[in-house]
Amino acid sequence: MELKVLPDTRRIRAYLRWSDGGKSPARYLGQVEHANRAANLAEGWKMAWEKGLLTEEPPAEGSWASSPAVRAAMRANRNRDTRPELRLRSLLHKQGLRYRVAARPLPELRRTADVLFPKSKVAVFVDGCYWHGCPEHLRESRKNAEFWRDKIEGNQARDAETDRLLREAGWTVVRVWEHEDPDAAAAQVISAVRTLVDKTGSSET
């Protein structure tokens, strides 16, 4: 599933792309208008299913997905290098900041920051609206509602624990939502990094 943003209108179009003898044809499915990537992917797969472009297959043993479209959307939803992350990183790079991507602030802790400034000890997380329970854009699933509610609440508890552990280890944690204005998010990160650079004398450039 591929999502394309039209530059002039900011409308989002969904395309189904597949491999065919070394080529990669695409089929236009329609316009999607949800607030986050996961919901738009799910809508795109639903369109493909309704157009008869997908075939039914039995779910894997123990699968919690309620349909082939849901399974496909979950597989396609990236956990790194999302569009909001790429926009944020581009703005930070233009300001001369250098950072690590998808790295652990604490090697012994299995928690990965989306953008990491090791010298100034700033860890940045770009949280997806659906997976992390955005109060503005979260729309609860009608199917398997209890499962997804528990999943999201578990993610929120994990986020809170991550923030606590990092702060106890001397890190500054910056969290931004995927829906936030990229320039505002970048300004928040830059302020945190440069404030700590001024205090420590270290450099992230």
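Start with a term: two residues are in contact when heavy atoms lie within 4.5 Å. Keep in mind that this is a predicted model.

Now, which residues does Asp-159 touch, leaving out those up to four places away in sequence? There are Asp-127, His-132 and Arg-175. Take His-132. Its side chain and that of Asp-159 are joined by a polar contact of 2.6 Å. Next, Arg-175. Along the chain, Arg-175 and Asp-159 are 16 residues apart.

Is Asp-159 buried or exposed? Its relative accessible area is 13%. The cut-off for buried is under 20%. So Asp-159 counts as buried.

Where does Asp-159 sit? Its place is in helix H4, which covers residues 145–168.

On to the sheet. Strands of a sheet pair through backbone hydrogen bonds, either parallel or antiparallel. Here, 4 strands make an open sheet, and the pairing is mixed. Read the order as S4-S5-S6-S7. At the edges are S4 (100–103) and S7 (172–177), each pairing on one side only. From one strand to the next, the twist averages 30 degrees.

Look at one pair. S4 and S5, the latter being residues 113–117, run antiparallel over 3 bridges. Val-101 stands opposite Val-115 in S5.

Finally, back to the helix. H4 packs on the sheet and touches S6 (122–127) and S7. The direction of H4 makes about 150 degrees with that of S7.

That's my tour. Thank you.

Definitions and conventions
Residues numbered from 1 in each chain as written. Predicted model: local features only at pLDDT ≥ 70, side-chain atom pairs only at ≥ 80, totals over all residues. Heavy atoms only, no water. Helix = DSSP H or I, 4+ residues; strand = E, 2+ residues; numbered from the N terminus. Buried < 20%, exposed > 50% of the residue type's maximum accessible area, 1.4 Å probe, protein only. Polar contact = N/O pair within 3.5 Å; in protein donor to acceptor, adjacent residues only side chain to side chain. Pairing = 2+ DSSP bridges. Axes fitted to C-alpha atoms, helices over the stretch in contact; angles between N-to-C directions.
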